[in-house]
Amino acid sequence: MKRVILLGTIASVLVLSACKGGDKKEATSENAATSTPSSTPAEENKPAANQPKEYKVVFTPDSAILGKKKEALLKITGATAMAMTDPDGKDNGIELVVKLQATNKQTIKEGSSFSVSYADSRLTLDNGTNVVCKTGTDYVRAQPEATGTEESWTYEIPAGAKPTALNLFMDDTRVSVSIALSEK
């Protein structure tokens, strides 16, 4: 009986000392975590050396109204522009991805759906040339009194050029939206 009590006491002491040792380790790791120096905001915003160059894209205005009855409202919901380079670092231009969403302003009773084709859009460059859309997820479309899904259109801008306007066409109407790129 004394042996059982003795073994129980030894087991209790071992368990308590093991728990006590764990607390010391946790406290040490917490202190180490709080004592690490934090990075400055300038270091966080600095892109890594191996990341591609990105541009900030601004559209003015960020929406356009198209159609003979002014039924189509196209809103530019976002855009990204990234420099394209070959493995040797040679400039191959810029890839511009524009995200658009359409709202149909017609009533359900008198209206019909519409679509704006990415194949018919043109990106005007600062050298006076126009570039057609390379790819698109789909046409921008909407049913009467509804907003359609967001679609992405991709343009490839040749090296040495910058976009100045996005031209959208629908139902024999044309609207231009100004574009400005700046380095991030």
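Let me start with glutamine 106. Leaving out residues up to four places away in sequence, glutamine 106 touches Lys69, Glu71, Gly111, Ser112, Pro144 and Glu145, where contact means heavy atoms within 4.5 Å. This is a predicted model, in which local features need pLDDT of at least 70, side-chain atom pairs count only at pLDDT 80 or more, and totals for chains, interfaces and linings use all residues. Residues are numbered from 1 along each chain as its sequence is written, and side-chain values use heavy atoms, with hydrogens and water left out.

Glutamine 106 sits in the loop between β4 (91-104) and β5 (114-116); strands are DSSP runs of E, at least two residues, numbered from the N terminus. Glutamine 106 counts as buried because its relative accessibility is 13%, and buried means under 20% relative accessible area with a 1.4 Å probe, protein chains only. Its side chain reaches the backbone oxygen of serine 112 at 3.1 Å. Glutamate 145 is 39 residues away in sequence, yet the C-alpha to C-alpha distance to glutamine 106 is 5.9 Å.

Now the hairpin. β2 (residues 63-66) and β3 (residues 72-85) pair in the antiparallel sense over four bridges; pairing requires at least two DSSP bridges. Five residues separate the two strands, and glycine 67 in the turn has a positive phi of about 100°. Isoleucine 65 stands opposite leucine 73 in β3.

In a regular strand, side chains alternate between the two faces of the sheet. In β2, the covered face holds Ala64 and Leu66, and the uncovered one Ser63 and Ile65. Leucine 74 has contacts that include Ser63, Ala64 and Leu66.

Technical notes: Buried < 20%, exposed > 50% of the residue type's maximum accessible area, 1.4 Å probe, protein only. Polar contact = N/O pair within 3.5 Å; in protein donor to acceptor, adjacent residues only side chain to side chain.
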